[in-house]
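Let's take a friendly walk through a protein model. Have a look at the picture first, and then read on.

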Amino acid sequence: MSEALLDIRGLSRSFGGLKAVQNVSLTVREGSLSALIGPNGAGKTTLFALMSGFLKPDSGTVRFAGQDITGHEPHRNARLGMTRTFQIVKPFAAQTVRENIAVGVHLHERRRSAALLQAEQVAQQVGLASQLDKPASDLTVAGRKRLELARALATRPRLLLLDEVLAGLNPQEIAGMMPVVRGIADSGVTVLMIEHVMQAVMHLAEHVWVLAQGQLIAEGSPAVVTADDKVVEAYLGHGTAARLRKASAGATA
Amino acid sequence: MTATSSSGARQLGCIALFAVIVACVPLVTKSGVALNFVMMALYATLIAQAWNILGGFGGQFSFGHALFFGTGAYIQAIAQLQGGINPWVALPMGVGGAAAVGLFVGALSFRYGLKGSYFALVTLAFAEVFRIIAVSVPFTGGGVGLMVPLRESAANMQFASRAGYLWLVLGFVVVALLVTWWLRNGRFGAYLQAVRDDEDAARAVGVNPFRIKLAAICLSAAFMGAAGAFYVQVFQYIDPGIAYGPATSVEALVAAIVGGMGTLWGPVLGAVVLHVLADLTRNLFGELPGINMVIYGVVLVLIVIFLPRGIAGIGRSVRQLWAGQGTGP
């Protein structure tokens, strides 16, 4: 259970003069539910794109399930068992929810009718069962996030990369979505999620990596990471940690 | 689930019914005008169906489908004239040759990620390049064109009456309908539509868009090649303007868009409606050259504005217009 499923070493990628990801190394253990957090523009989505093959790294390696997959096309990685979702959801708008999910199912099921049937089970898992025959373009934002998740889940991944599946949802919808993510992890899928909703990170993740300005600045359990001065300052600005400590000392005194 | 598979079976039944009814037309009427009309409508259907595979299901809008049409036509003519090959043997050569050109153009443009108007321009340019080549090289007969000598016999794919040609092109149309049915009810079609709707999302779930689009353009080109070969057999003549000129490209895409892209019956409806319109206006305005193109243009604009899903999607479009008015200010 604690084998390394995804292992990245010294991954870097620049866009012109911007070093989006700099020398990042991390290991995702099989069966874990972990999170990647960081302020806006920290390079989280770029790192996901490098892992899943949508972008090629300038340097560094990506190993998945023991294989070197650096620079492989995303569809090859999906066939190996690594599937990502998109922060800006990408439904196949002209098709129904069922047909959308079936595209994911087709990765391991050639027959159309069987794929459409299996789509129902996946829809149940993410709470979309009642909307199976709606056009994807008619879904609400929350519905589209669920669809994004369902389509990725339908490929039966070993590793699921979730890019902000909770962003843009109201507190009620977040509360509805969290057990879904938990359930996926409990079913044996390794999950790595990018998330801004700290409530979800604190509740769900066993391990957290913090990315700021393209570099990993901290890692550990959610409690450890959020108490880390570097993390606080990455979010709230230089010197904040000291000021906060002083303020809270003053309050208790 | 049973709903989906039974609707698939019903569609197959409709295709069979369509084939039988149209095949019976020559038994009911001997009128040359009527048979000619049905034959030409089927021919227009075939090129619209061919375009629909790549444009409607794949979302790759080609403005130069004449490229494949002309290649099929020239191979059909040259094989007979230069090689003395029987037209029934030449036909698969024409179809295969068109598919090979599709493979070449597709590999080139999809490898470099050309989409949308860039892809349209590249296909347009290729058709034009092939037209210029056809004018220049010796074996196409240059600008004069090629005449296939008249030798009427079924063994020579030249029929005494229009009925033979009608059945021939009906055969192509039915095969194209079956392929379209398969696109709507199979994994390849699902992948093709996924690539059309969002290429990155498709890649993320294991679809290789390059291979899918390449297969689609070959398939589309093959049917276009069959239409070109059929044209040569009917008219016994081909020249660079007919083969690679824009008229065929435009006819293919207008009929598919007017009828309804990515649908089974859309190209059939579109081709028939446009054909009726073209015939009516020809009677009204006489043989004003190019009047059918003007009509096509007007119809296309009206359809794109009011019925974006084409004639086949008329129900949904009207319902949405109503709903839009209901919730509007």
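What percentage of the 329 residues in chain B do buried residues make up? Buried residues account for 47% of them, where buried means that 20 or more other C-beta atoms, placed from the backbone, lie within 10 Å of the residue's own.

## About the model

This is a predicted model, in which local features need pLDDT of at least 70 and side-chain atom pairs count only at pLDDT 80 or more, while totals for chains, interfaces and linings use all residues. Residues are numbered from 1 along each chain as its sequence is written, and chains are lettered from A and ligands numbered from 1 in the order in which they are written.

## Chain B as a whole

Chain B contains 14 helices and two strands; these are DSSP runs numbered from the N terminus, with helices being H or I of at least four residues and strands E of at least two.

## Two helices that pack

In chain B, helix α2 (residues 32–57) packs against helix α11 (residues 246–259) at an angle of about 75°, and their axes are 8 Å apart. Axes are lines fitted to C-alpha atoms, for helices over the stretch in contact, and angles run from 0 to 180 degrees between N-to-C directions. α2(B) and α11(B) are therefore roughly perpendicular to each other, a label for angles of 65 to 115 degrees.

Among the residues that meet here are Trp51(B) in α2(B) and Leu253(B) in α11(B).

## Meeting chain A

21 residues of chain B are in contact with 28 residues of chain A, contact meaning C-beta atoms, placed from the backbone, within 7 Å. On the side of chain B that touches chain A, α7(B) gives the largest share, six residues.

Technical notes. Angles under 35 degrees count as roughly parallel, over 145 as roughly antiparallel, 65 to 115 as roughly perpendicular and the rest as oblique. Two residues are in contact if their C-beta atoms, placed from the backbone, lie within 7 Å. A residue is buried if 20 or more other C-beta atoms lie within 10 Å of its own, exposed if 12 or fewer, and partly exposed in between; C-beta atoms are placed from the backbone.
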